[in-house]
Amino acid sequence: MRIEKKLVRVMLAGLLLASATSAAAQGKPATVKGYVLDSACAFTKNLKKPVSRDCALACAKAGSPLVILADDGTIYWPISDTTPATGQNERLLKFAGRRATVSGKAFERGGSRALVIEKIEPEPAKK
């Protein structure tokens, strides 16, 4: 009888863990406002905004992945939710070096954040 109770507890714990893992894998809806810039500058130069649009475009065209630097300093890696995965630079090029509002599903793992982009729009110019 005790073995059966332990087995039931282990199975329940496994189901709870699987449920939590599944929910995390689905991502959470998020809207992020910030700059689209190349990943190298975001990390190595600790930039708060791109040096220039031309610089961001040149780096992206040279192969540097574009990222979204949120207003709170968080860096989001744009990812696809397809297999095989596809790069997102082509989709982000027209926003490189500019501010944008990005909506989609956010993921977090090991301190990194990623975003499956569902909608991206230029941020309106301030008056």
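These legends go with several close-up views of one predicted model.

**View 1. The whole chain, to get your bearings.** You'll find four helices and five strands in this protein. Walk along the sequence and they come in the order α-β-α-α-β-β-α-β-β. Of the 127 residues, 34% count as buried. Among contacts between residues at least 6 apart in sequence, 67% join residues at least 24 apart.

**View 2. The largest nonpolar core.** This core has 18 residues, and those with the most contacts inside it are Val36, Ile68, Tyr76, Val102, Leu115 and Ile120. The elements that put in two or more residues are strand S1 (28–38), helix H3 (53–61), strand S2 (66–70), strand S4 (99–109) and strand S5 (112–122). There's also a second, separate core of seven residues, with Cys41, Val67, Leu69 and Ile75 among them. As a general rule, nonpolar side chains tend to be buried together in soluble globular proteins.

**View 3. Zooming in on Ile68.** Which residues does Ile68 touch, leaving out those up to four places away in sequence? The list is Val32, Tyr35, Val36, Thr74, Ile75, Tyr76, Pro78, Val102, Leu115 and Ile117. Ile68 is also one of the residues with the most contacts inside the largest core.

**View 4. Asp38, a charged residue tucked inside.** Asp38 sits in strand S1. Asp38 is buried but has no salt bridge, and the nearest side chain of opposite charge, Lys45, is 7.9 Å away. Setting aside residues up to four places away in sequence, Asp38 touches Cys59, Ser64, Pro65, Leu66 and Val67.

**View 5. Cysteines without disulfides.** A search of the whole structure turns up zero disulfides. For Cys41, the nearest cysteine sulfur belongs to Cys55, 5.0 Å away. For Cys59, the nearest is again the sulfur of Cys55, at 4.3 Å. Cys41 is buried, with a relative accessible area of 7%, while Cys59 counts as partly exposed at 23%.

**View 6. Arg99 and Glu123, partners from distant parts of the chain.** Their side chains meet in a salt bridge, 2.7 Å from N to O. Arg99 belongs to strand S4 and Glu123 to the segment after S5, 24 residues apart. Arg99 is partly exposed at 21% relative accessibility. Is Glu123 buried or exposed? Glu123 counts as buried, at 19%.

**View 7. Other salt bridges.** The structure holds four salt bridges. One of them pairs Arg113 with Glu108, the closest N and O atoms being 3.7 Å apart. Here Arg113 is partly exposed at 30%, and Glu108 is exposed at 55%. Glu121 pairs with Lys119 at 3.6 Å between the closest N and O atoms. Both are partly exposed: Glu121 at 37% and Lys119 at 47%.

View 8. Thr83 and Pro84 are joined by a cis peptide bond, with omega about 0 degrees. Pro84 is in the loop between strand S3 (75–79) and helix H4 (89–92). Asn46 is not a glycine, yet has a positive phi of about 50 degrees. Look for Asn46 in the loop between helix H2 (39–44) and H3, where Asn46 counts as exposed at 62% relative accessibility.

Conventions:
Residues numbered from 1 in each chain as written. Predicted model: local features only at pLDDT ≥ 70, side-chain atom pairs only at ≥ 80, totals over all residues. Heavy atoms only, no water. Core = buried A, V, L, I, M, F, W, Y, C linked by side-chain atoms within 4.5 Å. Buried < 20%, exposed > 50% of the residue type's maximum accessible area, 1.4 Å probe, protein only. Contact = heavy atoms within 4.5 Å. Lys, Arg positive; Asp, Glu negative; His and termini not counted. Disulfide = S-S within 2.5 Å.
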